[in-house]
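Biologist: I've got a model open and I'd like to learn how to read it. Can you walk me through it, one feature at a time?

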Amino acid sequence: MCCIITPTHVVCANVGDSRAVVGSKNQSIALTDDHKPENPDECARIERAGGFVADNRVVGELAMSRAIGDFRYKLNPNFAFHEQLVIPVPDISVHERNRKNDYVLVVACDGVWDAMSNDEAAVFTQQFLEKPQSFSIQDYMDQPMGKKRRLASAEDDSNDTSSNENSEEDDEESGEDNDALKPTSLNAASALIAVALAKGSMDNISAIVVKFPAARQLEASEDH
């Protein structure tokens with residue numbers, strides 16, 4: 001997964017089952033499609049390469065149909081690289097940014113999306129940025145957990161990401177502030193991970209949140 005953010009667009013290239021979603025004012029916008037073996041086009045290619053899909057996995061083993069690695073699924077000398085059981089060819093998408101309505105970009109692997117929908121992740125992230133001090137994991141749990149749990153500490157993740165456009169967002173995103181209750185990209189990503197874990201996700205779990213300039217509207221609503 002690679003996302004390039006320009007002042008006007010977000011360009012995304014994806015191979016596999018990670019996902020990029022823009023959370024805007026009125027909707028979530030998926031920038032990627034998961035490369036799953038059960039998808040008709042992916043399944044047809046796998047079968048043309050002499051394979052099959054069982055239990056939604058390539059030859060009953062691999063849960064995604066495109067990958068950079070997994071070379072043992074790419075060794076048939078009779079097929080080109082883009083015709084193998086598993087291919088490294090990315091899908092490219094271009095999202096024209098709306099500076100008034102685009103609040104966040106959420107990039108996460110399947111461990112997050114196994115537990116949360118696109119809409120849920122977008123809403124969760126925006127609500128966290130609006131009121132990080134009062135928001136709890138419990139609000140997004142499917143089943144009661146008993147004692148209310150606070151969102152994850154900023155120390156649970158080591159990387160912060162911001163678009164850093166013309167110094168619009170480099171104040172609290174500098175990585176120097178370790179306060180877990182601040183509305184930073186780092187804390188929002190840690191919160192997503194904590195919710196996925198709390199919901200029982202057992203897959204790989206990682207997340208990146210990019211906060212766009214419009215997210216300042218959310219912070220301002222908390223100040224007032």
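This is a predicted model: local features need pLDDT of at least 70, side-chain atom pairs count only at pLDDT 80 or more; totals for chains, interfaces and linings use all residues.

Biologist: Which residue stands opposite V22 in strand 8?

Modeller: That's L105. Strand 8 has another partner too: five bridges join strand 8 to strand 10, again antiparallel. There, V106 stands opposite V209 of strand 10.

Biologist: How many residues of strand 8 are buried?

Modeller: Seven of its seven, so strand 8 is mostly covered, taking buried as under 20% relative accessible area.

Biologist: Next, the nonpolar core. Which residues of the largest one touch the most other members?

Modeller: M116, L192, A207 and V209, out of 27 residues in that core. Two or more residues each come from strand 8 (102–108), helix 2 (110–113), helix 3 (118–130), helix 4 (185–198) and strand 10 (207–211). Helix 4 gives the largest share, nine residues.

Biologist: What is L192 in contact with, if I skip neighbours within four places in sequence?

Modeller: V106, M116, A121, F124, T125, A207 and V209. There's also a second, separate core of nine residues, with A20, V22, V107 and V210 among them.

Biologist: Back to helices. Why do residues three or four places apart point the same way in an α-helix?

Modeller: Because an α-helix has 3.6 residues a turn. As for the case here, 13 of the 14 residues of helix 4 are buried, so helix 4 is largely enclosed by the rest of the structure.

Biologist: How far apart are the end C-alpha atoms of helix 4?

Modeller: They're 20 Å apart. At 1.5 Å a residue, the 14 residues should span 20 Å, so the two values agree. Just after helix 4, look at the backbone of G200: its phi is positive, about 95°.

Conventions:
Residues are numbered from 1 along each chain as its sequence is written. Side-chain values use heavy atoms; hydrogens and water are left out. A nonpolar core is a set of buried Ala, Val, Leu, Ile, Met, Phe, Trp, Tyr and Cys residues joined through side-chain atoms within 4.5 Å. Buried means under 20% relative accessible area, exposed over 50%, partly exposed in between (1.4 Å probe, protein chains only). Helices (H or I, at least four residues) and strands (E, at least two) are DSSP runs, numbered from the N terminus. Contact means heavy atoms within 4.5 Å. The expected span of a helix is 1.5 Å times one less than its number of residues. Two strands pair if DSSP finds at least two bridges between them.
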